[in-house]
Amino acid sequence: MRIHILQLLALLALACIPLDAQETHATAAAAKPAFVFGGVGYLHRWSQNDQHEFTPEGQEHLEKWSDMITMNVYPSAHDGDALSAKANAVLENYKSHRGTVLRTNSVPRTSDQPAEHFIAVMFGRPKFIEVAFARFKLVDGVGCSIVYSHRIYGEKVGDQMSAWLRDNAPKMERTLMEWNNIPSPASLRELPRKDGRPSDAKPSPSKS
């Protein structure tokens, strides 16, 4: 009887090993960054329609984050003129949401590269200040905006944000405009969708 019990325990232990391995693998896969931006890994947090949000490890709660990459795909934009129209529409959308435009810039097209556009904007809200750096680019022939956003929370954080902008704005613009490993629209379509998101965590209005 004792032998049978020992054999049963051994079989149960062996049966658990693959399950543990699968769970570990699934956890590791779930925690794998979707991409690296500015030396920081960003994980997929939320997607709906053609908008996708990513934040670093430790910033998984969308009601309060410090750094976010938002990818917007414009399926109807397939050339430079259409991309420029989207960028201008987003700029007007930023203004209509009380955004303070800090900087705009366009990179002229070349013989092998369509024009790109850049917008930096700041939003003052009662409980936080957010700055957004938006790059508009054709990716695999489809218009996209790649928006890096940074938030500082508090009621009187204007000086903190001014200091952050002074120390980081030029670097972040350069990092964004030189970033080459941008997820393709096809890969973004494969991401899981979610029906809702925290109402108080709505990102800057970068979709238009």
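Me: Where does aspartate 140 lie in this predicted model?

Reply: Aspartate 140 sits in the loop that links strand S7 (128–139) to strand S8 (142–153).

Me: How should I read the phi of aspartate 140?

Reply: The general idea comes before the case. Most residues other than glycine have a negative phi. Aspartate 140 is not a glycine, yet its phi is positive, near 55°.

Me: Is aspartate 140 buried or exposed?

Reply: Exposed means over 50% relative accessible area. Aspartate 140 has 64% relative accessibility and therefore counts as exposed.

Me: Which loop holds asparagine 49, and what is the phi of this residue?

Reply: Asparagine 49 is in the loop between strand S2 (40–48) and strand S3 (51–56). Its phi is positive, about 55°, although the residue is not a glycine. Asparagine 49 counts as exposed because its relative accessibility is 59%.

Me: Let us turn to a charged residue. In which strand is aspartate 67 found, and how far away is the nearest side chain of opposite charge?

Reply: Aspartate 67 belongs to strand S4 (residues 67–74). For a salt bridge, the cut-off is 4 Å between a side-chain nitrogen of Lys or Arg and a carboxyl oxygen of Asp or Glu. Aspartate 67 is buried and has no salt bridge; lysine 171, the nearest side chain of opposite charge, is 9.9 Å away.

Me: Which side chains make polar contacts with the side chain of aspartate 67?

Reply: The side chain of tyrosine 148 makes a polar contact of 2.5 Å with that of aspartate 67, and the side chain of histidine 150 makes one of 3.0 Å. Beyond four places in sequence, the residues in contact with aspartate 67 include Tyr42, Phe54, Pro56 and Ser149.

Conventions: Residues are numbered from 1 along each chain as its sequence is written. This is a predicted model: local features need pLDDT of at least 70, side-chain atom pairs count only at pLDDT 80 or more; totals for chains, interfaces and linings use all residues. Side-chain values use heavy atoms; hydrogens and water are left out. Helices (H or I, at least four residues) and strands (E, at least two) are DSSP runs, numbered from the N terminus. Buried means under 20% relative accessible area, exposed over 50%, partly exposed in between (1.4 Å probe, protein chains only). Lys and Arg count as positive and Asp and Glu as negative; His and the chain ends are not counted. A polar contact is a pair of N or O atoms within 3.5 Å; within protein, one must be able to donate a hydrogen and the other to accept it, and residues adjacent in sequence count only if both atoms are side-chain atoms. Contact means heavy atoms within 4.5 Å.
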